[in-house]
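I opened a new page to keep track of what I look up. The plan is to go from open space to single residues.

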Amino acid sequence: MINLSIASPSSVSFPSKFLSSTSKSSFNGRQIRFPFSFRVPPKTASTGGRNSSVVMMAKREEELKEIRTKTTEEINEEVIDLKGELLMLRLQKSARNEFKSSEFRRMRKRIARMLTVKREREIEEGVGKRLSRKLDRKWKRSIVVRPPPSLKKLREEEAAAEEAEKSA
């Protein structure tokens, strides 16, 4: 049953069958009771209940363990690759090609996790915030632009298809 509470009952008029002046709370206004009620279906595991959040947390923990096993150089390389993949997704979106929109969030989160682990290591080494930003700027300037792995794979597939056409 839906209950609406109005602080000043004099400004709104409702039929008397919906008004109730008896209240179990300390609220001084009137409560409006409607004869119908809404039912909310119970959450199940398939609709995003408690079990799915536990699984997501376990996946994140596994991913963080995997990231922490990598060296800082490997993390830097993967961040560069993921940023390239993100650029490719943006290009696909702007060209109105088919793509999974969930990939944007997944890649951004993965990049953020990697950079977080990188910063944790800097903190362990005693690198301050200011020096960290300075090193980060130097690192960003030193990045050599290269095609992301998905584009390399696509080019290899196209070359293989051309080879197959020539030989056939």
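The entries below follow the order in which I looked things up, and the model is a predicted one.

**Entry 1: the pocket**

I began with empty space. Rolling a probe the size of a water molecule over the atoms shows where such space is left. I looked up the largest pocket and noted a volume of about 370 Å³.

Next I asked which residues line the largest pocket. I wrote down Met-56, Lys-59, Arg-60, Glu-63, Ser-102, Arg-105, Arg-106, Lys-109, Arg-110 and Arg-113. I then sorted this lining by type and got eight charged residues, one polar and one nonpolar. Met counts as nonpolar, while Lys, Arg and Glu count as charged.

I also checked where the lining comes from. Helix 1, residues 50–69, and helix 3, residues 102–125, each give at least two residues to the lining of the largest pocket. Helix 3 has the largest share, with six residues.

**Entry 2: Arg-113**

What does the side chain of Arg-113 join by a polar contact? I found the side chain of Glu-63, at 3.0 Å.

I then left aside the neighbours within four places in sequence and listed the contacts of Arg-113: Arg-60, Glu-63, Leu-64 and Ile-67. Arg-113 and Ile-67 are 46 residues apart in sequence, and their C-alpha atoms are 8.1 Å apart in space.

**Entry 3: an aromatic pair**

I searched for aromatic pairs and the count came to one. The pair is Phe-99 with Phe-104, their ring centres 5.7 Å apart. Their planes stand at 85°, so I put the pair down as edge-to-face, since the cut-off for that label is over 60 degrees.

Phe-99 has 29% relative accessibility, so Phe-99 counts as partly exposed. The cut-off for buried is under 20%.

**Entry 4: Glu-74**

Last, I looked at Glu-74, which sits in helix 2, residues 72–94. A polar atom of the Glu-74 side chain lies 3.1 Å from the backbone nitrogen of Thr-71. The relative accessible area of Glu-74 is 43%, so I recorded Glu-74 as partly exposed.

How values were computed. Residues are numbered from 1 along each chain as its sequence is written. This is a predicted model: local features need pLDDT of at least 70, side-chain atom pairs count only at pLDDT 80 or more; totals for chains, interfaces and linings use all residues. Side-chain values use heavy atoms; hydrogens and water are left out. On a 1 Å grid over the protein atoms alone, a cavity is a set of points where a 1.4 Å probe fits but cannot get out, and a pocket is an open set with protein on both sides within 12 Å along at least five of seven lines; lining residues have an atom within 4 Å of a point. Grid points are joined across faces, edges and corners, and a volume is the space filled by probe spheres set on the points. Helices (H or I, at least four residues) and strands (E, at least two) are DSSP runs, numbered from the N terminus. A polar contact is a pair of N or O atoms within 3.5 Å; within protein, one must be able to donate a hydrogen and the other to accept it, and residues adjacent in sequence count only if both atoms are side-chain atoms. Contact means heavy atoms within 4.5 Å. Rings of Phe, Tyr and Trp (its six-membered ring) pair if their centres lie within 6.5 Å; planes under 30 degrees apart count as stacked, over 60 as edge-to-face and the rest as tilted. Buried means under 20% relative accessible area, exposed over 50%, partly exposed in between (1.4 Å probe, protein chains only).
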